[in-house]
Amino acid sequence: MTSIIQIQNVAKAYGNKTALQQLNFEVAQGEIFGMLGPSGSGKTTTVKILTAQLLPSSGHASVFGVDLAKMTEAERHNHMRQIGILTDNSALYERLTIQDNLELFCKLYGIHTKQIATVLEQVNLSSERKTTVKSLSKGMKQRVTLARALLHEPRLLFLDEPTSALDPTNTRNIHESLRQLNKAGTTIFLSTHDMEEAEALCDRIAFLHQGRIAALDTPQQLRLTYSDNSVTVSTTEGCYHLTQNEETAKRIYEWMSQGNLKSIHSNEPTLSDIFITLTGGTLK
Ligand SMILES: Nc1ncnc2c1ncn2[C@@H]1O[C@H](COP(=O)(O)OP(=O)(O)OP(=O)(O)O)[C@@H](O)[C@H]1O
């Protein structure tokens with residue numbers, strides 16, 4: 001596994017307010033890595049550190065093998081060339097068309113304008129390129145900001161609450177674009193408080209609570225680890241919540257052989273259930 005991001009014992013304080021404490025994790029090339037936590041848990045602070053907008057108070061944060069606290073000017077430039085950032089408040093020029101917005105960005109950052117057609121294809125907005133931004137829906141605007149973050153073909157994309165203001169259809173569209181990008185090789189770091197978003201996209205998820213990682217694993221493994229090992233069995237006689245063991249297996253066999261069994265479901269906890277179990281807090 002090639003690590004693109006390495007965080008070792010990172011802590012961050014704003015004055016006497018602690019935002020992050022003893023953070024440790026790595027993100028592998030090609031992963032979609034999620035940081036899931038409620039408001040104030042430290043997600044944006046982590047993204048700001050990894051995108052070189054903030055320095056940690058202590059510990060080490062490296063991206064592409066370069067310690068962000070010790071970057072030379074050339075390394076900083078290189079870092080910015082390799083990352084893309086999408087937040088929910090990335091401003092666009094409302095009176096310009098999508099094409100003009102992206103052209104302006106290309107000019108500012110020395111990117112060839114031929115990239116515009118590629119990124120608009122990636123976010124499924126090719127047919128809208130002549131539309132002015134002010135007449136776009138919130139979801140379409142967010143797809144334009146995603147397109148803008150992709151113009152310089154970043155190897156690593158940071159998404160801070162990318163769909164927080166969007167309806168389910170626009171959220172699905174953004175998710176689909178992100179999956180395609182990831183398939184094509186882009187590593188994605190996603191911060192969100194939305195458990196469904198984390199579940200739908202991420203290979204691994206870190207639960208962030210009060211600036212600390214409470215758990216970190218694949219969604220499947222998290223559910224297995226924190227499962228209460230029970231099943232809900234529906235029969236013609238009623239519905240039963242049973243622990244998985246030999247006795248339960250015998251009862252299920254009996255219901256089955258008598259033709260009384262309607263359904264069996266294993267009771268896996270949701271990510272939100274697990275978060276509550278681990279932290280006592282909710283994701284809101
Ligand atoms: N510039 C700042 N000055 C002082 N405290 C800050 C500053 N930025 C963040 N904090 C505090 O640090 C903690 C972590 O904030 P952060 O914005 O990283 O959390 P978050 O999980 O991204 O929350 P949200 O989802 O609401 O953006 C919070 O307690 C917040 O109040």
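**Note on the predicted model**

1. In strand 9, Phe207 is the bridge partner of Leu36. Helices (H or I, at least four residues) and strands (E, at least two) are DSSP runs, numbered from the N terminus. Strand 3 (residues 32–36) and strand 9 (residues 204–209) run parallel and are joined by four bridges. Two strands are said to pair if DSSP finds at least two bridges between them.

2. The structure is a predicted model, in which local features need pLDDT of at least 70, side-chain atom pairs count only at pLDDT 80 or more, and totals for chains, interfaces and linings use all residues. Residues are numbered from 1 along each chain as its sequence is written. The chain averages a pLDDT (the predictor's confidence in each residue, from 0 to 100) of 92, and 99% of the residues score at least 70. For the complex, the predictor gives an ipTM of 0.96 and a pTM of 0.87.

3. The chain contains ten helices and 13 strands. Its C-alpha trace spans about 75 × 45 × 35 Å along the principal axes. Of the 284 residues, 33% are buried, that is, 20 or more other C-beta atoms, placed from the backbone, lie within 10 Å of their own.

4. Strand 9 also pairs with strand 10 (residues 212–217), in the antiparallel sense and over five bridges. Within this pairing, Ala206 stands opposite Leu216 in strand 10. The hairpin of strand 9 and strand 10 has two residues between the strands, and Gln210 takes a positive phi near 50° there.

5. A separate point concerns an open sheet of four strands, ordered 2-1-4-5 with antiparallel pairing. Strand 2 and strand 5 (66–67) stand at the edges with a single partner strand each, so one side of each has no neighbour in the sheet. Strand 1 (residues 3–14) and strand 4 (residues 58–63) pair in the antiparallel sense over five bridges. Here the bridge partner of Gln8 in strand 4 is His60.

6. Which residues surround the ligand? They are Tyr14, Lys17, Ala19, Gly37, Ser39, Gly40, Ser41, Gly42, Lys43, Thr44, Thr45 and His193; a residue counts as near if its C-beta atom, placed from the backbone, lies within 6 Å. Strand 2 (17–28) and helix 1 (43–50) are the elements that give two or more residues to this shell. Helix 1 gives the most, with three residues.

7. The shell around the ligand divides into two nonpolar, eight polar and two charged residues. Ala, Val, Leu, Ile, Met, Phe, Trp, Tyr, Cys and Pro count as nonpolar, Asp, Glu, Lys and Arg as charged, and the others, Gly among them, as polar.

How values were computed. Buried ≥ 20, exposed ≤ 12 C-beta atoms within 10 Å, placed from the backbone.
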